[in-house]
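Subject: Structure handover

Hi,

Here is the structure I promised to pass on. Have a look at it first, and my notes on what turned up follow below.

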Amino acid sequence: MLQMLVAVVLFTLLALLVAPLWWRRRRISGLPGAHYLEQKCQSLAEEAWRDFRIRDEHYAARRTDPDYLGRRLAEFTRVFRHMIDNGYDNEVRLWLVDLCEREGREAADRVILAPVLAYECAPGRHPPPGLASQALLHALRQLA
């Protein structure tokens, strides 16, 4: 019985010591449901990218050119932000505004660009090595 009590006390102390470390490592957001809103933003960005790239007649031939893809990604990011700012999704708009206030505009741009680049550079699409990183650099330079 005493061993059980000692084990419970030790476990509780260990949990109290580890909890603050775990809490500091978590991404802190001012908005409730931030993880859900991040996933929603990424899903909307990927869906909008599919529609956006279809309208570009040169896209299929030049999709492996990092400079071209970076310029298209920068243009898409501006269009996506404009859509969100004009009421496409108010939850995502509030989350992006909060993210910009906490981490800056570049962080919001990276959240929009990440799922698009993941889609473009998926293994089934056979991208050339380094396409994602080079296109991201070109896009961020265009957006700066």
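**Starting from Trp 49**

Leaving out residues up to four places away in sequence, Trp 49 touches Tyr 59, Leu 69, Arg 72, Leu 73, Phe 76, Val 116, Tyr 119 and Glu 120; contact here means heavy atoms within 4.5 Å. Trp 49 has 0% relative accessibility and so counts as buried. For that label, buried is under 20% relative accessible area, exposed is over 50%, and partly exposed is in between, with a 1.4 Å probe and protein chains only.

Before you read on, some housekeeping: this is a predicted model, in which local features need pLDDT of at least 70 and side-chain atom pairs count only at pLDDT 80 or more, while totals for chains, interfaces and linings use all residues. Residues are numbered from 1 along each chain as its sequence is written, and side-chain values use heavy atoms, with hydrogens and water left out.

**The overall layout**

The protein has 7 helices and 0 strands. Both kinds of element are DSSP runs numbered from the N terminus, helices being H or I with at least four residues and strands E with at least two. Of the 144 residues, 33% count as buried. Among contacts with a separation of 6 or more, 74% come from residues 24 or more positions apart.

**Aromatics and the core**

How many aromatic pairs does the structure hold? There are 5 aromatic pairs. Rings of Phe, Tyr and Trp (its six-membered ring) pair if their centres lie within 6.5 Å; planes under 30 degrees apart are stacked, over 60 edge-to-face, and the rest tilted. Trp 49 and Phe 76 have ring centres 5.4 Å apart and planes at 80 degrees, so that pair is edge-to-face. It links distant parts of the chain, with Trp 49 in helix H2 (residues 34–54) and Phe 76 in helix H4 (residues 66–85), 27 residues apart. Phe 76 is buried too, at a relative accessible area of 2%. Trp 49, Phe 52, Tyr 59, Phe 76 and Phe 80 make up one aromatic cluster.

The largest nonpolar core has 33 residues, and those touching the most other members are Cys 41, Trp 49, Leu 73, Phe 76, Phe 80 and Trp 95. H2, H4, helix H5 (90–103), helix H6 (105–120) and helix H7 (131–143) each give two or more residues to this core. By nonpolar core I mean a set of buried Ala, Val, Leu, Ile, Met, Phe, Trp, Tyr and Cys residues joined through side-chain atoms within 4.5 Å.

Ala 45 is also in helix H2 and is buried at 0% relative accessibility. Apart from residues up to four places away in sequence, Ala 45 touches Phe 76, Phe 80, Ile 112, Pro 115 and Val 116.

**Salt bridges**

A search of the whole structure gives 13 salt bridges, each being a side-chain nitrogen of Lys or Arg within 4 Å of a carboxyl oxygen of Asp or Glu. Asp 56 bridges to Arg 72, with the closest N and O atoms 2.9 Å apart. Asp 56 lies in the loop between H2 and H3 and Arg 72 in helix H4, so this pair ties together parts that are 16 residues apart in sequence. Asp 56 is buried at 12%, and Arg 72 is buried at 16%.

Arg 72 also forms a salt bridge with Glu 75, the closest N and O atoms being 2.6 Å apart. Those two both lie in helix H4, 3 residues apart, about one turn of the helix. Glu 75 is partly exposed, with a relative accessible area of 34%.

**A loop to look at**

Thr 64 is in the loop between helix H3 (59–62) and H4, and is partly exposed at 38%. Which residues does Thr 64 contact, leaving aside neighbours within four places in sequence? They are Pro 128 and Leu 131. Thr 64 and Leu 131 are 67 residues apart in sequence, with their C-alpha atoms 7.0 Å apart in space.

Cheers
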